[in-house]
Amino acid sequence: MQKFQKSSNPIPRHAPPFCQEGKTTYKLTSLNIPSTVKSDGKTYKVTAIGKNACKSYSKLKKLTIGKNVKNIGASAFSGCKALKSIKIETTLLKKKTIGKKAFSGIHKKAVIKVPAKKLKAYKKLFKKKGQAKTVKIKK
């Protein structure tokens, strides 16, 4: 579970579902979207990141996306201007499962690390998802 700094600001409507009520995520610097979560003794796969999930989290610098994620919503990480390191563990992403501008406005020198066997496919896939041309995609 992520650790959050206390703040008087309520959670924004588009906050990820694993945020705790009464705490803000705008101060997050690192975010790990896990492969699975446990709730009431049951384990569930995390398969999607919602539309506008972490939009404009200006202090977010590092992001890890788990191996079961199949969908990334439109503008999910847009406006995260400090986001410089993204690690994608999933091999399940396809052209239609990543929303428009999912990574627009991230740091222009960001590095997206992807699984080695998906490097070529993901380079093509991420090309039109809003990030600057200077963003590097590597294994």
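How many residues apart in helix α1 are Y122 and F126, and by about how many helical turns are they separated?

Mentor: Y122 and F126 are four residues apart in helix α1, which spans residues 119–126, so about one helical turn separates them. Please bear in mind that the model is predicted. Its mean pLDDT is 84, with 81% of the residues at 70 or more. Residues 1–23 have a pLDDT below 50, although this stretch makes 43 contacts in the model beyond near neighbours in sequence. Where pLDDT is low, the predicted coordinates should not be read in detail.

To return to the rings: an aromatic pair is described by the distance of the centres and the angle of the planes. For Y122 and F126 the centres are 5.7 Å apart and the planes stand at 85 degrees. An angle over 60 degrees counts as edge-to-face, and the pair is therefore assigned to that class. Y122 and F126 are both buried. A search of the whole structure finds three aromatic pairs, and ring pairs link Y122 and F126 with F77 and F103 into a cluster.

K67 counts as exposed because its relative accessibility is 52%, whereas Y122 and F126 are buried. Apart from neighbours within four places in sequence, K67 is in contact with S35, E89, T90 and L92. The C-alpha atom of K67 is also 7.6 Å from that of I88, a residue 21 positions away along the chain.

Conventions:
Residues numbered from 1 in each chain as written. Predicted model: local features only at pLDDT ≥ 70, side-chain atom pairs only at ≥ 80, totals over all residues. Heavy atoms only, no water. pLDDT = per-residue confidence, 0-100. Contact = heavy atoms within 4.5 Å. Phe/Tyr/Trp six-rings, centres within 6.5 Å; stacked < 30°, edge-to-face > 60°. Helix = DSSP H or I, 4+ residues; strand = E, 2+ residues; numbered from the N terminus. Buried < 20%, exposed > 50% of the residue type's maximum accessible area, 1.4 Å probe, protein only.
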